[in-house]
Amino acid sequence: MQYGEDDLLALSGLQHYFFCKRQWALIHVEEQWVENVLTAEGRILHERVDNSKHIEYREGAIVERSIALKSAELGVYGVADVVEFFVSDSGIKLSNEPGLWMPRPVEYKRGKPKAGICDRAQLCGQAMCMEELYGVKIESGDLFYWQTRHRMPVMFDQDLRTAVRYACMDMHNILETGITPAVPDGVKCDNCSLVTVCVPKVQKKKSGKVGRYINEYIHGGENA
Ligand code: SF4
């Protein structure tokens, strides 16, 4: 399936989706957003990176910033913070540069590496957009964590690519139905800026009550 311009979703939403589907829907479907210290720091970091729109030459690489991205197949659009281009026989042509160059996305993050795949999935989504735009296969990219000053390489393997494809399809489905998902099991809400909008404890209680009611009504109180 190919999505039209009007149906594209923000690529940056992938990190919200993989952190918490409900958070993604509150931001991107219900358009609720509450800034806290962590989101403000993240936004300022991205503005700093995005504002320096120039080309640099560094250790065998050409570095470009704020590259516009789009994928009709995934149905997303966005901006890559930084893309490094390295000489490669299977790369692409760059204007004003001889030879062929392979893009490698680099995403800047405020904190430190996280347990889940949210950051890796967002970076992989960027690579998949570039693959569609440039007609190349991008094997890997990097996440740079500001707090630890640490650059972490990320391989774009089949599992990660499948997770990104599935997430994009699911985000489009959620948007179409307009139904905000319930609070996922095991999600960590402590640092979520939307905790006052989401009220996860109340939601959990409510879904518990509804679940019990349905169970009693349909199954006479027995486990289905
Ligand atoms: S408060 Fe928790 S459940 Fe609600 S959006 Fe945030 S992370 Fe998700």
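How many of the 17 residues of helix 4 are buried? The count is 13, so helix 4 is mostly covered, given that buried means under 20% relative accessible area. The model is predicted.

**Helix 4**
- Helix 4 takes in residues 118-134, and at 1.5 Å a residue its 17 residues should span 24 Å.
- After helix 4 comes Gly135, which has a positive phi, near 70 degrees.

**Helix 2 and helix 5**
- Two packed helices are described by the angle between their axes and the distance between the axes.
- Helix 2 (residues 21-28) and helix 5 (residues 158-177) have axes that come within 11 Å and cross at roughly 55 degrees.
- The two helices, helix 2 and helix 5, are therefore oblique to each other.
- Their crossing is right-handed.
- On the helix 2 side, Lys21, Trp24, Ala25 and His28 take part in the contact, and they meet Asp170, Met171, Ile174 and Leu175 of helix 5.
- Sorted by class, this contact of helix 2 with helix 5 has five nonpolar, one polar and two charged residues.

**Arg151**
- Arg151 lies in strand 7, which runs over residues 150-155.
- Its relative accessibility is 32%, so Arg151 counts as partly exposed.
- Beyond its neighbours within four places in sequence, Arg151 is in contact with Arg58, Glu84, Val106, Asp142, Leu143 and Phe144.
- Tyr108 is 43 residues from Arg151 along the chain, and the C-alpha atoms of the two are separated by 9.1 Å.

Key:
Residues numbered from 1 in each chain as written. Predicted model: local features only at pLDDT ≥ 70, side-chain atom pairs only at ≥ 80, totals over all residues. Heavy atoms only, no water. Helix = DSSP H or I, 4+ residues; strand = E, 2+ residues; numbered from the N terminus. Expected span 1.5 Å × (residues − 1). Buried < 20%, exposed > 50% of the residue type's maximum accessible area, 1.4 Å probe, protein only. Axes fitted to C-alpha atoms, helices over the stretch in contact; angles between N-to-C directions. Parallel < 35°, antiparallel > 145°, perpendicular 65-115°, else oblique. Left-handed = near helix turned anticlockwise from the far one by under 90°. Contact = heavy atoms within 4.5 Å. Nonpolar A, V, L, I, M, F, W, Y, C, P; charged D, E, K, R; others polar.
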